[in-house]
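Colleague: I am new to this structure. Please show it, and then take my questions one at a time.

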Amino acid sequence: MNTSDVEAASHAARLLNMLLGDLGAARHSFEITERIRVSPNINASTSYWAVVHRAFLVHLVVTLSKLCEVYERYARIVPASTRNDFKRVYNDIHSRGVVDLRNRFCAHIWDKKYGAPLSREELDHHIELLCGGDLASLIPWFWNVDGAPNSPSIGGVVERCRDSLLQEFKLDSSVVCNI
């Protein structure tokens, strides 16, 4: 184990911890928003809720895209005990078109490849690919709702990867506290 690997493991664990927090924030903000949306005392237009849902979607897509970047940069040092799960998560995020959605909608207004903004039909296609049109279905996919120790959810895998890095490289948990 060389010094640069230990330093990389420290960076990776810190980033995974930060992204785990972002995933948790996405889960809680969506659930709270949904409780408010269905409240009989709230009188907001459908278009207002579409904007709120778009903000949730953008936050989630950017967070998941960052997770892919962590995988691309640090997968080589992720312990074997969690590397395959991390690769599965990476592939799943890509297969759902998350990174493409970030590049073509969330982070930019103009698609350089196509020389145009993302059309409403293309956005609908991306959302269908991501969640079948049901944003609530994303919650158990990206968050360990039941708190199961070996959850296949993205949050469960991220937590295990972070913990395996801390253990394998004998890092103090304080390295992940500075988010």
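Colleague: Which backbone oxygen does the side chain of Asn17 reach?
Modeller: This is a predicted model, where local features need pLDDT of at least 70, side-chain atom pairs count only at pLDDT 80 or more, and totals for chains, interfaces and linings use all residues. Residues are numbered from 1 along each chain as its sequence is written, and side-chain values use heavy atoms, leaving out hydrogens and water. At 2.8 Å, the side chain of Asn17 reaches the backbone oxygen of Val176.

Colleague: Is Asn17 buried or exposed?
Modeller: Buried means under 20% relative accessible area, exposed over 50%, and partly exposed in between (1.4 Å probe, protein chains only). Asn17 has 16% relative accessibility, so Asn17 counts as buried.

Colleague: How are the rings of Phe30 and Phe56 arranged?
Modeller: Rings of Phe, Tyr and Trp (its six-membered ring) pair if their centres lie within 6.5 Å; planes under 30 degrees apart count as stacked, over 60 as edge-to-face and the rest as tilted. The search of the whole structure finds five aromatic pairs. For Phe30 and Phe56 the centres are 4.7 Å apart and the planes at 35 degrees, so the pair is tilted.

Colleague: And which kind of pair do Tyr48 and Trp49 make?
Modeller: Tyr48 is partly exposed, at 44% relative accessible area, and Trp49 is buried, at 10%. Their ring centres lie 4.9 Å apart with planes at 80 degrees, so the pair is edge-to-face.

Colleague: Which residues form one aromatic cluster?
Modeller: Both Phe30 and Phe56 are buried. The cluster is formed by Phe30, Phe56 and Phe142.

Note on methods:
Polar contact = N/O pair within 3.5 Å; in protein donor to acceptor, adjacent residues only side chain to side chain.
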